[in-house]
Amino acid sequence: SGFNSIGHMDTMSRGRHHIGHYKEGEEFIQNVFHVLSQIFTGKEKSNLAICWLQYEISKVIQCLQAKKKKKLKAQGRKSKKLAKNFLKAPDNRNNLSLWKLYAYLEWLLGNTDDSRKVFDTALCTAGTGGLKSAQLCSLSLLYAQLEVELLESIEGAVMSRAVHILTKLTENGPYVPYSGQVLPVNVLKARKTYEHALQDYLSKTPVSDQGQVKDTDQLVNLVGCYALFQYLTVGIDAAVLIYTQASEKLEVPGSQKHENTGENFGILNFPTALEAVTLLHTNLLRFHMKISVYPLNPLREALTEALKRYPSNQSLWRSYIHIQRKSHSASKARRFFDSVTRSTNSLEPWLFAIQAEQMRKKLTEKVQRADVGEIHCTIPETGLTNRIVALFEHAVQSENGTHCPLLWRMYLNFMV
């Protein structure tokens, strides 16, 4: 009909309905994938399959967030069929990245046992690369992270499936599925192996640019596995220590290289190892706060430091907004948003600053409209509408903001 969006715009809601994937836009995207898959061969075709599956997973996640059970079922069937077809192709049978995505898809659809079978099968067929294989590390890390999310507390986590996965990774032998217990001696051996592997990685210098990309991926996965292992067997402080060590080591050469090679370095190394490690660090802190009592400050500090460095990282901004919603004082967050928008051309800080204020406005209205007799605590917030309009005005005047359809749509939507 001429004006439907391609893909989806989940930042705006019409009444109760979120704007989802439009039929025409969806058909267009599927056609693009189909045409490309006939043109590509070999490695490119595998990479396309990975992109396609990631796109399908994003739609499943959207159905989960919108709590649409019927749609989720239908979407799940389609996505699973596609994933199985990909894995049937002879080129993809040993592609661990595809196996990983398929297992993750099953997990998201709530089929935990099926997902475990897929993970176990992939790990059994993956061979014995251990910590030296980037794909094996990445697969084990996701599997362990998903298992950790099922834990209700950190007590007794040493015997959990996640620890089994992370210890098996260090043994360089064939993978054996979890049987219900983990031997303490294996845990000690694994800790030593992780320690040595991390030291080796942090002390070696990459030979070529291509080697460097592989190495940084591998380093991120290794740090993630080791920190998660320490978290489950020792505690949160031990895990944070590893993230700190890795970050300190990664920080120094990164800044020097940036100056020497100009722009290429950023594209080549995307997302940079340091950014990825920071993301793992903040996600672990958030999870730990969910299952146990832990101060908010370490997470807030880690996020503010990271966002000054990576102002366009959406995951970090989402976490930041999430923790700021819990505090009744907005001034600290506002000052922070202000300082970041001044120092960068990225549009994300503007978009998230607006979103944070809109959430606050919603909350205020909810409290003020609540007819529950006497209200003890209304948040003394006036002029929020003016503040949001001012933010929009500043944002659309910035160079990137002028050309951002999403920002204009949000502005129009708000004014209506």
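The largest nonpolar core of this predicted model has 110 residues. Within this core, the residues with the most contacts are Tyr194, Leu228, Leu232 and Leu407. Helix H9 gives the most to the core, with 11 residues. Apart from its neighbours within four places in sequence, Tyr194 is in contact with Leu131, Leu166, Leu169, Thr170, Leu222, Cys225, Tyr226 and Phe229.

Helix H9 spans residues 209-233, and Gln230 is placed in it. Is Gln230 buried or exposed? Its relative accessible area is 9%, and a residue counts as buried under 20%, so Gln230 is buried. When neighbours within four places in sequence are set aside, the contacts of Gln230 are Arg191, Gly235, Ala238, Ala239 and Ile242.

The chain as a whole can now be put around these residues. Its secondary structure comes to 19 helices and 2 strands. The chain has 416 residues, and 45% of them count as buried. Among contacts with a separation of 6 or more, 58% are between residues 24 or more positions apart.

Helix H4 covers residues 96-108 and helix H6 covers residues 134-150. Their axes come within 9 Å and cross at roughly 10°. An angle under 35 degrees counts as roughly parallel, and therefore H4 and H6 are roughly parallel to each other. On the side of H4, the contact is made by Leu96, Ser97, Lys100, Tyr104 and Trp107. On the side of H6, the residues are Gln135, Leu136, Ser138, Leu139, Leu142, Leu146, Glu147 and Leu150. Sorted by kind, the residues of this contact comprise 8 nonpolar, 3 polar and 2 charged.

Aromatic rings provide another way through the structure. A pair of aromatic rings is described by the distance of the centres and the angle of the planes. The count for this chain comes to 15 aromatic pairs. In one of them, the ring centres of Phe119 and Tyr143 are 4.3 Å apart and the planes are at 5°, so this pair is stacked. Phe119 belongs to helix H5 (residues 112-125) and Tyr143 to helix H6, so the pair links distant parts of the chain, 24 residues apart. Both Phe119 and Tyr143 are buried.

A second pair is formed by Phe392 and Tyr411. Here the centres are 4.8 Å apart and the planes are at 5°, so Phe392 and Tyr411 are also stacked. Phe392 is in helix H17 (residues 384-397) and Tyr411 is in helix H19 (residues 405-415), 19 residues apart. Phe392 and Tyr411 are buried as well. Elsewhere, ring pairs link Trp317, Tyr320, Phe336, Phe337 and Phe352 into a cluster.

Helix H17 also holds Val389. Which residues does Val389 contact, leaving aside its neighbours within four places in sequence? They are Tyr411, Phe414 and Met415. Val389 and Ile354 are 35 residues apart in sequence, and their C-alpha atoms are 8.9 Å apart in space.

Two loop residues remain to be examined, and the backbone angle phi is what to look at in each. Lys67 has a positive phi of about 55° although it is not a glycine. Lys67 is in the loop between helix H2 (42-66) and helix H3 (69-88). With a relative accessible area of 72%, Lys67 is exposed.

Asn172 has a positive phi of about 60°, and it is not a glycine either. Where is Asn172 found? Asn172 is in the loop between helix H7 (161-170) and helix H8 (184-203). Its relative accessibility is 45%, so Asn172 counts as partly exposed. Leaving aside neighbours within four places in sequence, Asn172 is in contact with Thr128, Gly129, Gly130 and Leu131. The C-alpha atoms of Asn172 and Leu131 are separated by 7.7 Å, while the two residues are 41 residues apart along the chain. Leu131 is also among the contacts of Tyr194, one of the residues with the most contacts inside the core.

Technical notes. Residues numbered from 1 in each chain as written. Predicted model: local features only at pLDDT ≥ 70, side-chain atom pairs only at ≥ 80, totals over all residues. Heavy atoms only, no water. Axes fitted to C-alpha atoms, helices over the stretch in contact; angles between N-to-C directions. Helix = DSSP H or I, 4+ residues; strand = E, 2+ residues; numbered from the N terminus. Parallel < 35°, antiparallel > 145°, perpendicular 65-115°, else oblique. Contact = heavy atoms within 4.5 Å. Nonpolar A, V, L, I, M, F, W, Y, C, P; charged D, E, K, R; others polar. Buried < 20%, exposed > 50% of the residue type's maximum accessible area, 1.4 Å probe, protein only. Core = buried A, V, L, I, M, F, W, Y, C linked by side-chain atoms within 4.5 Å. Phe/Tyr/Trp six-rings, centres within 6.5 Å; stacked < 30°, edge-to-face > 60°.
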